[in-house]
Amino acid sequence: MDIIVPAVVGDIVNRAVSFAIKKCLQLPNVDKNLERLNQLLLRAHTITEEAEGRLINNREMLQQLGILIEGMQRGHYMLDNFKCRALQQGRGDEHEVSHFSGLSMFSAAKCLRSSNNYRKSVLFGSNNIEDLQGMIATLEKAIADLKEFVIFLGNYPPICR
């Protein structure tokens, strides 16, 4: 009995350390994912802006445009949510952000200072990284599905303003 307990404890510790090392090596890069999301949102914004400048009569095309706009809004919300949490975690008492005056002049420094702490808290805190990667996959699919939409968009006349 004296031999079994240390062996079991040793095996449990070995598995826990292996699991922690495996998780640390497979950490997704938050900054890279946020940059990819930003690029996809810019592409989606370009498509929607071009479509809004055209006189589109086709209901299905308008429905596709509505789906893209909804996905774009969700993506912007998620991107803003990540940025705001990064600012809140890096914010000290001497550099408070005013609710009325917008971001303080130290916000860029706060982003740089808090990025490492924020990355750790997000990665170990909850499923936010999975949500971010899911949003990226959703926007990539939506934009890929709109290749024909963009081609057909050229057939519609621009709106005279």
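Among contacts in the protein chain between residues at least 6 apart in sequence, 80% join residues at least 24 apart, where a contact means heavy atoms within 4.5 Å. What you have here is a predicted model, so local features need a pLDDT of at least 70, side-chain atom pairs count only at pLDDT 80 or more, and totals for chains, interfaces and linings use all residues. Residues are numbered from 1 along each chain as its sequence is written, and side-chain values use heavy atoms, with hydrogens and water left out.

**Overall layout**

- The protein chain has 6 helices and 0 strands; helices (H or I, at least four residues) and strands (E, at least two) are DSSP runs, numbered from the N terminus.
- Read along the sequence, that gives the pattern α-α-α-α-α-α.
- Of the chain's 161 residues, 27% count as buried. Buried means under 20% relative accessible area, exposed means over 50%, and partly exposed is in between (1.4 Å probe, protein chains only).

**How confident is the model?**

- pLDDT is the predictor's confidence in each residue, from 0 to 100; the protein chain averages 76, and 72% of the residues score at least 70.
- Confidence is highest in H2, at a mean of 91, and lowest in helix H4 (residues 107-125), at 44.
- Over residues 92-127 the pLDDT is below 50, and this stretch has 39 contacts in the model beyond near neighbours in sequence.

**Helix H2**

- Helix H2 covers residues 30-52, which makes 23 residues.
- From first C-alpha to last, H2 reaches 32 Å, close to the 33 Å expected at 1.5 Å a residue; the expected span is 1.5 Å times one less than the number of residues.
- The buried residues in H2 include Val 30, Leu 34, Leu 37, Leu 41, Ala 44 and Ile 47.

**Helix H5**

- Buried in H5 are Asn 128, Ile 129, Leu 132, Met 135, Ile 136, Leu 139 and Ile 143.

**Salt bridges**

- Side chains of opposite charge can pair when their charged atoms come close.
- The count here is 5 salt bridges, each being a side-chain nitrogen of Lys or Arg within 4 Å of a carboxyl oxygen of Asp or Glu.
- One of them joins Arg 15 and Asp 11, with the closest N and O atoms 3.3 Å apart. Both sit in helix H1 (residues 4-25), 4 residues apart, or about one turn of the helix.
- Arg 15 is exposed at 60% relative accessible area, while Asp 11 is partly exposed at 36%.
- Another links Asp 145 and Lys 141 at 3.0 Å, N to O. These two are 4 residues apart in helix H5 (residues 128-145), so about one helical turn separates them.
- Asp 145 is partly exposed at 40% relative accessibility, and Lys 141 is exposed at 54%.
- Glu 50 pairs with Arg 54, the closest N and O atoms being 3.0 Å apart; Glu 50 is partly exposed at 39%.

**Cysteines**

- There are 0 disulfides in the structure, a disulfide being a pair of cysteine sulfur atoms within 2.5 Å.
- Cys 84 is partly exposed, with a relative accessible area of 44%, and Cys 160 is exposed at 78%.
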